[in-house]
Amino acid sequence: MNLKKSENNQGCVIFDMDGVLIDSEPFWQQAELSVFTKLGIPFTLEMTQQTTGLRIDNAVDYWFKRYPWKSISKKQVALEIKDIVRSLIVEKGIAKPGAVELIQALSHLNVPMAICSSSAMSIIEAVTQKIGLSHEIKILQTGDDCLYGKPHPEPYLTTAKRLNETPPSFCVVIEDSLNGAIAGKAAGMNVIAVPEEHNYEKRIYDFCDAKFKTLEEITPEFIFEMIMIKNK
């Protein structure tokens, strides 16, 4: 396919952030393990997978219902977790393989892009600055600004509206988590899954439009063809 720069006749691309653009899932796991353990919860790394992709307030509420604590508020627990994660990103954050290259290629073609993350805006901004993508991606959408978080479609539908009211069928979502992929499909968008290695062979992502092991395997050509097929 001969690709040329265009205004927006190819659609748009919406990236999840944690686990897609940056390998921050271990930071969330470390933060949750530290904070929940201090609260007396018999917490393990395996348990963090139960809330992957959820907004942190929803994750905290999930564990509060199972192991209610009285020492501090759920809001304070969420803030402590977010503070730890942000510090770890600033100190150790590294872009996922292929992330910067794919975004730069799409930027060169003038493809509108956004980040739609369950993380707080302070964390999203820390990530874009850390991996040098502040100039390429201008639309940053946090789940905190929505009534519902992923797996509800609201965060992705809100992002599409901010991308010049792009119709959902012209949006391509790139997600690593099951909750995020469900949100993208529920919004009527094309979903590319890039699962963690231990989830790649599982059939739980069969409802997605495509699945890749890394962003290095995804090209602008593939994205445009996906949109064209969906909108014939």
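A pocket, in the sense used for these close-up views, is an open set of points on a 1 Å grid over the protein atoms alone where a 1.4 Å probe fits, with protein on both sides within 12 Å along at least five of seven lines, and its lining residues have an atom within 4 Å of a point. A volume is the space filled by probe spheres set on the points, which are joined across faces, edges and corners.

The model is predicted, so that local features need pLDDT of at least 70 and side-chain atom pairs pLDDT 80 or more, while totals for chains, interfaces and linings use all residues. Residues are numbered from 1 along each chain as its sequence is written, and side-chain values use heavy atoms, without hydrogens and water.

**View A. The second largest pocket.** This pocket holds about 240 Å³ of space, and among its 14 lining residues Q49, T52, L178, N199 and Y205 lie nearest its centre.

**View B. The largest pocket.** Here the volume is about 390 Å³, and of the 19 residues in the lining, K96, P195, E196, E197 and K213 lie nearest the centre.

**View C. A cluster of aromatic rings.** Ring pairs (Phe, Tyr or six-membered Trp rings with centres within 6.5 Å; planes under 30 degrees apart are stacked, over 60 edge-to-face, the rest tilted) link F36, F43, Y62, W63, F64, Y67 and W69. The count comes to 7 aromatic pairs; the rings of F64 and W69, with centres 4.9 Å apart and planes at 85°, are therefore edge-to-face.
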